[in-house]
Amino acid sequence: MTQSEVSTAHTAKVIGVSVAAAVGGFLFGFDSAVINGAVDAIQGHFDLGSFGLGISVAITLLGCAAGAWFAGRIADRLGRKRVMLLGSALFTVSALGSGLAVTVFDLMAWRVIGGVGIGIASVIAPTYIAEIAPARYRGALASLQQLALTIGIFAALLSNAVLANFASGAANELWFGLQAWRWMFLVEFIPAAAYGILAVLIPESPRYLVERFRDQEAVEVLLTYTGDHDPQERVREIRHTLHHERPTSFADIRGSTFGLNRLVWIGIGLAAFQQLVGINAIFYYSTTLWRSVGFTESQSFITSVITSVINVTMTFVAILFVDRFGRRNLMMIGSLGMFVSLLFTAIAFSQATGSGDNVQLANPWGAIALAGANLFVVFFAATWGPVMWVLLAEMFPNDMRTVAMGTAAMANWLTNFVVTLFVPVMTQSVGLWILYGLFAFFALMSFFFIRSKLPETTGKELEEMEA
Ligand code: BGC
């Protein structure tokens, strides 16, 4: 084989294992968005008010926060692969339990279990990919997880729309006496089981292997999958960056900035801003949102599916540019684009007429709200969606990565929880336009945050990251 054939073979292998790990991203997307189409039927079925509705959607996210928090620690003790297996088991149990839920309380419990799976997947998929990928296209490979995530959201919304359509409404019976909304959860069993099988097949992360003194195995993985020219030297470098001989713990992220290392705070800031711009007001509630401004149920389902296609498509932009154009530049463009589009959406919502169940957006405001919300998704998906996760997976040094990543990811989920909880309540109390105005404000703040705080990580090896 020629040198270039050898490197093509390695590239194919590393893409293969990255895709397999990214199935965790698919489940992250599917499981977090599946609620979107089921939400109205659940509200009707269990007779919930707007706060009860907010809780039943948001509670999953507390599970996500817990999952993210523990994932890093477990990954350091048991290995990245075993954590993926655990995630797969949790997704499987949650899919079946939620679909067959008897009361709103056990439904919430099953959703929390799925949430732990999502939190785990959100940490382990990008970490694993960043740890196995060569620096020159690490950004693109780690963005695969977000691509899978957006495909997961799309698949959930599409399957929701198809199932609701079969039953002529999410609340109607579909097969075996079970309503369509129950099937929305049950179908997740298939990708959840597939994830478990894939997790068995992929190799362990070389960074984990070195940490556990399994250097020879690490050399083999590097040789087979990354085509590293001098894998022995890489293993020595990894060893050199691990300043202690025990698994990473919370002590490793302590520091002098309010008790934590400064870089960890930057990670937490990134993670929080990614949610404060309100992306999940769209992805968890868009069906309800469009119905609330006068769209029919089926128009709202279709609009949600279209938005999720835009989300998938625009992720390719990030994959193409993240390693060439740099993380900082992409994030700053994203912040400004999100600010402008959210501002237009807020202005459009301020023009709504009517009240209660009879709200209307007269033209051109309906069209402007639609365009603004979708343009917001365009900018988010091409920048902050994938790049925030890429950054969290790569910006921390080896001796704190998993715990620091887990902590920042937990902050992402907790912020997501707060936003998700308050979307229905704020929509009812202060109105959509104030809500979207706030999102626009946070988008603008995120620009200044990136400009003043974020270090550039593009093209650097993980061994070069400094706290
Ligand atoms: C965010 C999720 C969001 C998704 C939308 C992810 O990067 O973390 O909260 O639902 O993007 O594509």
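## Ligand site

The ligand takes up the space of the largest cavity. A cavity is a set of points, on a 1 Å grid over the protein atoms alone, where a 1.4 Å probe fits but cannot get out; a molecule sits in one if more than half of its atoms lie within 2 Å of its grid points. The elements that give two or more residues to the shell around the ligand are α6 (138-166), α12 (262-276), α13 (279-283) and α18 (384-394). Of these, α6 gives the most, with 4 residues.

The model is predicted: local features need pLDDT of at least 70, side-chain atom pairs count only at pLDDT 80 or more, and totals for chains, interfaces and linings use all residues. Residues are numbered from 1 along each chain as its sequence is written, and side-chain values use heavy atoms, with hydrogens and water left out.

## Contacts and cover

There are 14 residues around the ligand, and Gln146, Gln274, Gln275, Asn280 and Asn311 come nearest. A residue counts as near if one of its heavy atoms lies within 4 Å of the molecule. By type, the shell holds 6 nonpolar residues, 8 polar and no charged. In this division Ala, Val, Leu, Ile, Met, Phe, Trp, Tyr, Cys and Pro are nonpolar, Asp, Glu, Lys and Arg are charged, and the others, Gly among them, are polar.

## Overall fold

The protein chain has 20 helices and 3 strands. Both are DSSP runs numbered from the N terminus: helices are H or I with at least four residues, strands E with at least two.

For 467 residues, a compact globule would have a radius of gyration near 23 Å, and the 22 Å of the protein chain agrees with this. The radius is taken over C-alpha atoms, and the globule rule is 2.2 Å times the number of residues to the power 0.38. Along the principal axes, the C-alpha atoms fill a box of roughly 70 × 50 × 45 Å.

## Backbone exceptions

Most residues other than glycine have a negative phi, and most peptide bonds are trans. The peptide bond from Asn363 to Pro364 is cis, with omega near 5 degrees. Pro364 lies in the loop between α16 (327-349) and α17 (365-382).

Asp47, in the loop between α2 (35-46) and α3 (50-78), has a positive phi, near 55 degrees.

How values were computed:
1 Å grid on protein atoms, 1.4 Å probe; cavity = no way out; pocket = protein on both sides within 12 Å on 5 of 7 lines; lining within 4 Å.
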